[in-house]
Amino acid sequence: MPDIRLSPDRREALAAYVFLSPWAIGFVLLTAGPMLASLVLSLTDYRLLEPNRMAWVGVGNYERALAGDPLVWQALKVTAYYVGLSVVLELVVGFGLALVLNIGFRGIGIVRTIYYLPAVISGVAVSLLWLLIFQPSSGLANAGLGLFGVAGIGWVYSTTWVIPAFVLMSLWGVGRAAFIYLAILQRIPTNLYEAAKVDGAGRFRRLVRITLPLVTPAIFINLVLAVIGKFQIFTEGFVISEGGPGTSSLFYVLYVYRNAFRYFEIGYASALAWILFAILMALTAMVFWTGRRWVYYEGERSATQ
Amino acid sequence: MTQAKSEADQGWLRRAGLVIALLGAATVMVPIAWMISTSLKPETEVFRQPIEWLPVHVRPANYAEATTLIPFWLYFANSLVIVVPVVIGTVISSAAVAYAFARMRAPGTGAMFGLVLAGIMLPGEVTLVPSYLLFKELDWIGTYLPLTVPAWLGGGAFNIFLLRQAFLTIPPEHDDVARVDGHGFLKILWRVVIPQSWPAISLVAVFAFVDTWNDFLGPLLYVNDQDRYTLPLGLNFFKDVYNTQWAHLMAASVLALVPCVVVFFLAQRVFTQGIVLTGRR
């Protein structure tokens, strides 16, 4: 029966599609399908409690979000404040820490382990821990500040301090970023530094002229991922401050969640989700676009990696 | 600059660096130490001033009591019932998909891989609401299926990418030898590719474990029966009901985090190297 046997190429292609099928099903059902569905839903007034009554409202939900709902702008403001402050601090502190760790010393393995701990413990348990630490009357944070004569910060109970408190929490995990930068630093060939030393370049000049240009690709990728990741903060806001006090920690995803699952406004929540998506795409595109100017690539190789 | 002066300079810098690194490590440990310390104090001594790092009266009974204030071990078991199939499904399906992308030629795979890469950047919140509606349509709300089944459908864009990169570093001749022996793709994946990729595979497994164990939003949406709560839901419930019993709350939190810390220490080397290699957040 040689006629109905598949050629090796065909057989390989068939096998490939079989192996890829779980992903393909997942992509259609859990990614592409839901994205399209949410785009369509965002143009309707669909509500979870009245599933049989659904009307087409065009861009009405988007108009309402951007022109008629001050909470959307509040959520964007709060989230941008948190993301901006935590991303910049993580970049500065993480890179500084990486420069320090790059000096190299014995026992770095233990330091590395400790720095990574915040990466594996997260979520509700850690949120509760921070809630304890930020208790204004006699929590650890204020007890520590009391030693320096600073008193009475309300932390997560204060409209002023709630976001800085969240930024401090996120900075607890800065060690991870530091070790990513460290790996990049250690890939810089030492002969570049030797050559610069021979040419009489001092430590600072070597940092600015060799180290910084060579680590910018890593900074750049890290920046994109940090912005996307931190924009999605939810659990901490839900558990610790419930968006408060007032609306001062109403993170964007928390507001989407409330509209969808507390007010059951599926149509409106879908529009909010698409606005978030558009913002993140725009930010990513912006970082990529400006990145072309300040990112130094070592030949073509790292650009395609 | 003389050689001697340069070396002295180097020694000074090294010591300063060591001090900064150790101070940083101590800072990271402070909240964890506080959590453990609080978990061992009598409730009346939690907020004593000046603060007491070592409990004056050590009270290990907090731990036993915390596990009965909420049905801790039931929630622990519920979390395990979700985490185990998620880890297995994530590893199997992402390895199969990554293998196809790394080794097989078929029309359209390039474009599909492009979609995988795009998926890494996609914030999950965009698909949150319609996915919920899909699972509602399937009548899966209240079951663990919305939390476990997706892991078997590709295992996540990032894991596919990570494993594909790992598989690409294995010399293709190893596959060819096996193929000449008449083995099919499945057998080559199982016998040749996976045994040579343990670091990447365990990295995927550890990430899947930790992320699922700590997940709050998923169970919050899909689990509504209190007997089926996972640990994060249980802890949040604990906080809402007994929010002044900080010592017991911290005892329960410590217990909830133990599995993640154990997994982390077991897989520590691959874990830390993996984060560095991939930049995963």
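This is a predicted model: local features need pLDDT of at least 70, side-chain atom pairs count only at pLDDT 80 or more; totals for chains, interfaces and linings use all residues.
**View 1. Chain A is built from helices.** Let's start with chain A by itself. Its secondary structure comes to 14 helices and 0 strands, and the elements run α-α-α-α-α-α-α-α-α-α-α-α-α-α from the N terminus on. How does the radius of gyration of chain A compare with the globule rule for 305 residues? The value for chain A is 25 Å, well over the 19 Å that the rule gives, so chain A is more spread out than a compact globule. The C-alpha trace of chain A spans about 80 × 75 × 35 Å along its principal axes.

**View 2. Helices H8 and H10 of chain A cross each other.** Here we zoom in on helix H8 (residues 174-185) of chain A and helix H10 (residues 203-231) of chain A. Their axes come within 9 Å and cross at roughly 140°. H8(A) and H10(A) are therefore oblique to each other, and H8(A) passes H10(A) in a right-handed crossing. Which residues meet in this pair, H8(A) with H10(A)? From H8(A) come Ala177(A), Ile180(A), Tyr181(A), Ile184(A) and Leu185(A). On the H10(A) side they meet Thr211(A), Val215(A), Ala218(A) and Asn222(A). By class, 7 residues of this contact are nonpolar and 2 are polar, with no charged residues.

**View 3. Chain A meets chain B.** Now for the place where the two chains touch. On one side are 76 residues of chain A, in contact with 72 residues of chain B. Which helix gives the largest share of the side of chain A that touches chain B? Helix H1 (residues 8-41) of chain A does, with 19 residues. The residues on this side of chain A divide into 58 nonpolar, 15 polar and 3 charged.

View 4. Chain B has a radius of gyration of 24 Å, whereas a compact globule of 281 residues would have one near 19 Å. Taken along the principal axes, the C-alpha atoms of chain B fill a box of roughly 75 × 70 × 35 Å.

View 5. The domain assignment of chain B gives domain 1 (3-62) and domain 2 (70-278). How far apart are the C-alpha centres of these two domains of chain B? They lie 33 Å apart. Domain 1 of chain B puts 9 residues into the contact, and domain 2 of chain B puts in 8 residues. On the domain 1 side, helix H1 (residues 3-39) of chain B gives the most, with 4 residues. That side of domain 1 has 4 nonpolar, 3 polar and 2 charged residues.

**View 6. Helices H7 and H10 of chain B pack together.** H7(B) brings Asn159(B), Leu162(B), Leu163(B) and Ala166(B) to the contact, while H10(B) brings Ala200(B), Leu203(B) and Val204(B). By class, this contact has 6 nonpolar residues, 1 polar residue and no charged residues.

Technical notes: Residues are numbered from 1 along each chain as its sequence is written. Chains are lettered from A and ligands numbered from 1 in the order in which they are written. Two residues are in contact if their C-beta atoms, placed from the backbone, lie within 7 Å. Helices (H or I, at least four residues) and strands (E, at least two) are DSSP runs, numbered from the N terminus. Ala, Val, Leu, Ile, Met, Phe, Trp, Tyr, Cys and Pro count as nonpolar, Asp, Glu, Lys and Arg as charged, and the others, Gly among them, as polar. Axes are lines fitted to C-alpha atoms, for helices over the stretch in contact, and angles run from 0 to 180 degrees between N-to-C directions. Angles under 35 degrees count as roughly parallel, over 145 as roughly antiparallel, 65 to 115 as roughly perpendicular and the rest as oblique. A crossing is left-handed if the near helix is turned anticlockwise from the far one by less than a right angle, and right-handed if clockwise. Domain bounds come from an automatic or database domain assignment. The radius of gyration is taken over C-alpha atoms; the globule rule is 2.2 Å times the number of residues to the power 0.38.
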